[in-house]
Amino acid sequence: MKEETGNATQRRHMHTRTIECNGYLRDDGLWEVEARMRDTKPFSQSASRYREELKPGDSVHDIALRLAIDDSMTVREAQATMRATPYPTCIEVEPILQRLIGERIGSGWRKVVQSKLGRLESCTHLSELLGPAVTTLFQTMSHGSNPEGLDSLADQRARTERPFFVGGCHSWRNDGPIVADMFPQFATKAAQD
C-alpha cells in the first residue's frame, strides 16, 4: 500500500522497528530496565534455509535485554533473550551481556560496551538496544526511590554529590543556566542573563 507524504511524494511502507523500554525499582533496591526491539515487515517473506515463511507483521527480529543496576550505576545483572532471529546462530550471543556485570554506567560507557562485547562476538541489534535501555534507566532513577508527590529536582537541590544527570546533555551541561539555577554547587560558571 502506498501512502502520500507531506510533499505529495508516493512511498511504500517497507519496515517497522519498535523499541519498548520499561524501568522498575525492585524490592531489593536495584533499578531494572527491560528493553525489547522488534522488526517487522508489512509483506510476506519467503521461507529460507534458515527460517520458515514470515507473514506480514511476523517478527524478523524480536530481541530483549534486562539490566539491573545499583545506586552507583554498577551493573549487577544482565540478560539477553533472542526471541526471533533470522539465523539460528544469532541465539549464541544470549550470554554475552553478562560480561557487563560489575561495570559502571557513566562516562566512557560506550567504550566499555565496545571492548566487552566485541563487534563479531555480539549482535549489532542487541548492542544498539543498550542505548535506549540505559537512557530509560536514567529516567527511571530521576525521581528517586520514593517519588510520589515530590518534585525530584527541588528535593535534590542541597545535594553534596553531583546527580548523575548533571553533565549528561545540553540542558544539564555544567556551564549552562539550568545547572547554575538548580544545582549551583556543580556549575562550572555562573549563568549569563
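Predicted model: local features only at pLDDT ≥ 70, side-chain atom pairs only at ≥ 80, totals over all residues.
**Note on strand 5 and its surroundings**

1. Start with a strand pair. Strand 4 (residues 31-40) and strand 5 run antiparallel, joined by 10 bridges.

2. Look at the turn. Strand 5 and strand 6 make a hairpin, with 5 residues between them. M73 sits in that turn and has a positive phi of about 70°.

3. Is strand 5 (residues 59-69) largely enclosed or open? Buried means under 20% relative accessible area. By that cut-off, 11 of the 11 residues of strand 5 are buried, so the strand is largely enclosed by the rest of the structure.

4. Next, the core. The largest nonpolar core holds 30 residues. L65, L67, I69, L97, I105, L126 and L130 have the most contacts inside it. Two or more residues each come from strand 4, strand 5, strand 6, helix 1 (109-117) and helix 2 (124-141). Helix 2 gives the largest share, 7 residues.

5. Which residues does I69 contact, leaving aside neighbours within four places in sequence? They are L30, W31, T74, V75, R76, I105, L137 and M141.

6. Another core, of 7 residues, lies apart from the largest one. Its members include V166, W172, M182 and F183.

How values were computed:
Residues numbered from 1 in each chain as written. Heavy atoms only, no water. Buried < 20%, exposed > 50% of the residue type's maximum accessible area, 1.4 Å probe, protein only. Helix = DSSP H or I, 4+ residues; strand = E, 2+ residues; numbered from the N terminus. Pairing = 2+ DSSP bridges. Core = buried A, V, L, I, M, F, W, Y, C linked by side-chain atoms within 4.5 Å. Contact = heavy atoms within 4.5 Å.
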